[in-house]
Amino acid sequence: MAIKWFDEAAEMFSRRVARGSSRRGFLGGLGTLMIGVGATTLLPVLRTGAFAKDGTALVESGDPNSCDYWRYCAIDGFLCGCCGGTANSCPPGTVRSDITWIGTCRNPADGRDYVISYNDCCGKSNCGRCVCQRDQGDTPLYRPQSSNDLNWCSGSHADMPYHCSLSVVIGVKES
């Protein structure tokens, strides 16, 4: 007897859902959900913990305000070191974009390959100094996580202009 009210409520709910929907509508919604779940793998992600960390200190060599600097093998933009920042920090008055493109560059000082995160600094107009375009490993726009041809400020900070680009070593490339 106690379960009878539950059965009646379930039947009433099922009939109400059946009257308000169709099989085609259900299958269409299910298909949309499946495509949406599959498309999430195409979105840019924050990768700060995805690469191997090395306990040794990074040995730097070269001029960080030159396009020939080893970290800039896949950079496209104005160097933040020439715009009031450093190779891995934004100038005052700008903010670092949350999304990024990545590259792998060989450090001539130790002969190892490092994974480099290239972030745009946003908030001021173009710096206009030390423009570099090195396209090592650049991919077409249908693989945005490895493309340096996008304005990454528009993806993380709405209505903030691009100022400069920086390069942050996030790990050692695993063999």
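Mentor: The disulfide of Cys 83 and Cys 127 is left-handed, because the torsion about its S-S bond is about -95 degrees. Its sulfurs are 1.9 Å apart, and a disulfide here just means a pair of cysteine sulfur atoms within 2.5 Å. Cys 83 sits in the loop between strand 1 and strand 2 (95-96), Cys 127 in the loop between strand 4 and strand 5, so the pair links parts 44 residues apart. (Strands are DSSP E runs of at least two residues and helices H or I runs of at least four, numbered from the N terminus.) Both Cys 83 and Cys 127 are buried, meaning under 20% relative accessible area, with exposed over 50% and partly exposed in between (1.4 Å probe, protein chains only).

Keep in mind that this is a predicted model: local features need pLDDT of at least 70, side-chain atom pairs count only at pLDDT 80 or more, and totals for chains, interfaces and linings use all residues. Residues are numbered from 1 along each chain as its sequence is written, and side-chain values use heavy atoms, leaving out hydrogens and water.

The structure holds six disulfides. Another one joins Cys 73 to Cys 105, with 1.9 Å between the sulfur atoms, and its torsion of about -85 degrees makes it left-handed. Cys 73 is in the loop between helix 2 and strand 1, while Cys 105 is in strand 3, 32 residues away. Cys 105 counts as buried because its relative accessibility is 0%, and Cys 73 does too, at 4%.
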